Amino acid sequence: MRFSADLTDRIARGARLERVTLNSLLNAALVRAVNRHLYGGRAMPMRPVTFATLRPYVVQPLSEPTLSPNITM
């Protein structure tokens with residue numbers, strides 16, 4: 001999926017206005033889409049997993065395109 005630069009800028013500005021991260025916004029959109037697909041939008045318990053960026057905490061800095069899965073319990 002690709003978004004235009006204009007749409008990306010509008011989404012980022014809207015997230016800043018609402019004081020939420022893009023990660024939180026995109027995860028919420030994904031959960032809503034899954035709910036609509038599986039449950040027709042009915043209120044159901046959902047247990048999403050949110051992935052946070054840990055790049056600032058990695059000892060050896062990673063370049064931007066490097067994927068780095070980090071899972072903790």
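## Asn 27 in helix α2

Let's start with Asn 27, which sits in helix α2, residues 22–39. Helices here are DSSP runs of H or I with at least four residues, numbered from the N terminus. This is a predicted model, where local features need pLDDT of at least 70, side-chain atom pairs count only at pLDDT 80 or more, and totals for chains, interfaces and linings use all residues. Residues are numbered from 1 along each chain as its sequence is written, and side-chain values use heavy atoms, with hydrogens and water left out.

Is Asn 27 buried or exposed? Asn 27 counts as buried because its relative accessible area is 16%; the cut-offs are under 20% for buried, over 50% for exposed, and partly exposed in between, using a 1.4 Å probe and protein chains only. Leaving aside residues up to four places away in sequence, Asn 27 touches Val 49, Thr 50 and Phe 51, where a contact means heavy atoms within 4.5 Å.

## The helix itself

Together with Val 20, Leu 22 and Leu 25, Leu 26 makes a nonpolar surface patch of about 310 Å². To join a patch like this, residues need over 30% relative accessible area and no salt bridge, and nonpolar side chains (Val, Leu, Ile, Met, Phe, Trp, Tyr) are joined within 5 Å. The areas come from the Shrake-Rupley method with a 1.4 Å probe, and for residues, only the protein chains shown count as cover. A salt bridge puts a side-chain nitrogen of Lys or Arg within 4 Å of a carboxyl oxygen of Asp or Glu.

Ala 12 belongs to helix α1 and is buried, because its relative accessibility is 13%. Ala 12 and Leu 25 are 13 residues apart in sequence, yet their C-alpha atoms are 9.4 Å apart.

Arg 19 lies in the loop between α1 (5–18) and α2. Although Arg 19 isn't a glycine, its phi is positive, about 60°. Arg 19 is exposed, because its relative accessible area is 78%.

## After α2

Pro 45 is found in the segment after α2. Pro 45 is exposed, at 59% relative accessibility. Pro 45 and Asn 35 are 10 residues apart along the chain, with 9.3 Å between their C-alpha atoms.

Definitions and conventions:
Helix = DSSP H or I, 4+ residues; strand = E, 2+ residues; numbered from the N terminus. Patch = residues over 30% accessible without salt bridge, like charges linked within 9 Å, V, L, I, M, F, W, Y side chains within 5 Å.
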